[in-house]
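Welcome! Have a look at the chain shown here, and then we can walk through it together.

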Amino acid sequence: MIRRRLALGAAALALVLPLAGCMTVHGERADIPSVAPAEAAKVLANFAAVDNQATKTWNPQLLGQIESGPLGAIDGAGVRAKHANNPGGNPQFSALKFSDSTFWIPKQVGWPKFFVADTATNRGADGTRWLLLFRRGAASEPWRAAFLAVTTADSLPALATDQGGHVEPLPLTGGDLLLPPGKLGTAYTGYLQDGTGADAFAKGAATSQLRTTRQDQARTPNSVTQYADQPADQGDFAPVALRTKDGGALVFFGTRHQSKSTYRAGYDLAIDPDTRALMTGTPKTSVTLSHVAQELVTVPKSGSGSGGGSGQVVFVSRLVGLVSAAGE
């Protein structure tokens, strides 16, 4: 995972129109931009400031102020583990910095609202960019980053925009797409579990290669491993979809994954410190690991050859983190 953890106050929006007297347009009833660009920039700057303090001190409470959803679950667990092993803070702290930031802002009616920050960072390889999806459920709530994708600009499809430059959000039902955004987690975890619907997913590290790796590791001379996969698509984990110019969609979604490895008698279990910090029970013969994944994919229009030219779902980014462990 390309993330600094394990390798490692926004005002309510109101639009005031210059008429003969002021009229406030409420976000729950009117189709308005989810956030002003200047406010989005402040949200991103605040994210960096709080994230740096949380990472410097390994403080999960601070992190909870700026993250939610899959990103919050992954980072929150990572910071808790790091704090348990380094209660004095992070001796190798290096501040996260953003640059060359742009914002994908949709027009929306009602709540929740979201926007995406597309930004360069001082993390990872040159040319990589972070896509941070910020979401809030009401005007009284702060913006929190729910999803992170790490990619390169040339891996992203062109997004559809209106005359004002606003991106187009799609309903989770997504009836004109190969797979509805709201069903991606179910389809993907079903595919990982037993190969169901394989034709919908392009081959790659997050699909065919992952299934092959699991098959190779399911039974070894020292262990037997079982896998369980579930969608994570409610609340702050709910998918977010944006229309692309080719008629398809770019979709953020989350999933949960569990593996249980049972070892032969006498096998010496080696547990790394961060995993042990998140573990309940005593690992004698088996270890169960629970992960959360946050994915970004392109989904083609139904019946078309978009989605990377394959007519299939193509993974742009997949970041996975350990959130809990259990030993028996």
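The questions and answers below go through this predicted model, from the whole chain to single residues.

Q: How many helices and strands does the chain have?
A: Let's start with the overall picture. The chain has 328 residues, and 48% of them are buried. Its accessible surface is about 15200 Å², with 51% of that belonging to carbon and sulfur atoms. Counting the secondary structure gives 7 helices and 15 strands.

Q: In what order do the 4 strands of the open sheet lie?
A: Begin at the edges, where a strand pairs on one side only: these are β4 (98-104) and β8 (144-152). Next, β7 is joined to β8 by 8 bridges, and β6 (residues 113-121) pairs with β7 (residues 128-136) over 8 bridges as well. The pairing is antiparallel, and the order is β4-β6-β7-β8.

Q: How many of the residues in β7 are buried?
A: In a regular strand, side chains alternate between the two faces of the sheet. In β7, T128, W130, L132, F134 and R136 point one way, while R129, L131, L133 and R135 point the other way, and all are buried. For β7, the number of buried residues is therefore 9 of 9, with buried meaning under 20% relative accessible area.

Q: In the hairpin of β6 and β7, which residue takes a positive phi near 75°?
A: This hairpin has 6 residues between its strands. The residue there with a positive phi near 75° is G124.

Q: Is W58 buried or exposed, and what about D100?
A: Neither residue is a glycine, yet W58 has a positive phi of about 50° and D100 has a positive phi near 50°. W58 lies in the loop between α1 and α2 (60-63), whereas D100 is found in strand β4. With a relative accessible area of 3%, W58 falls under the 20% limit, so W58 is buried. D100 has a relative accessible area of 58%, which is over 50%, so D100 is exposed.

Q: Where is the peptide bond that is cis, with omega near 0°?
A: Look at P112, placed in the loop between β5 (107-108) and β6. The cis bond, with omega near 0°, runs from W111 to P112.

Q: At what angle do helices α4 and α5 pack?
A: Two packed helices are described by the angle between their axes and the distance between the axes. Here, α4 (residues 184-194) and α5 (residues 208-217) have axes 9 Å apart, and α4 passes α5 in a right-handed crossing. The contact is made by Y188, Y191, L192, Q193 and D194 of α4 together with S208, L210, R211 and R214 of α5. The packing angle is about 35°.

Q: By class, which residues make up the contact of α4 with α5?
A: Residues from both helices take part, among them Y188 of α4 and R214 of α5. Sorted by class, the contact has 4 nonpolar, 2 polar and 3 charged residues.

Q: Is K203 buried or exposed?
A: K203 is placed in the loop between α4 and α5. Its C-alpha atom is separated by 9.3 Å from that of V313, 110 residues apart along the chain. The relative accessible area of K203 is 78%, which is over 50%, so K203 is exposed.

Conventions. Residues are numbered from 1 along each chain as its sequence is written. This is a predicted model: local features need pLDDT of at least 70, side-chain atom pairs count only at pLDDT 80 or more; totals for chains, interfaces and linings use all residues. Side-chain values use heavy atoms; hydrogens and water are left out. Axes are lines fitted to C-alpha atoms, for helices over the stretch in contact, and angles run from 0 to 180 degrees between N-to-C directions. Helices (H or I, at least four residues) and strands (E, at least two) are DSSP runs, numbered from the N terminus. A crossing is left-handed if the near helix is turned anticlockwise from the far one by less than a right angle, and right-handed if clockwise. Contact means heavy atoms within 4.5 Å. Ala, Val, Leu, Ile, Met, Phe, Trp, Tyr, Cys and Pro count as nonpolar, Asp, Glu, Lys and Arg as charged, and the others, Gly among them, as polar. Two strands pair if DSSP finds at least two bridges between them. Buried means under 20% relative accessible area, exposed over 50%, partly exposed in between (1.4 Å probe, protein chains only). Accessible areas come from the Shrake-Rupley method with a 1.4 Å probe; for residues, only the protein chains shown count as cover.
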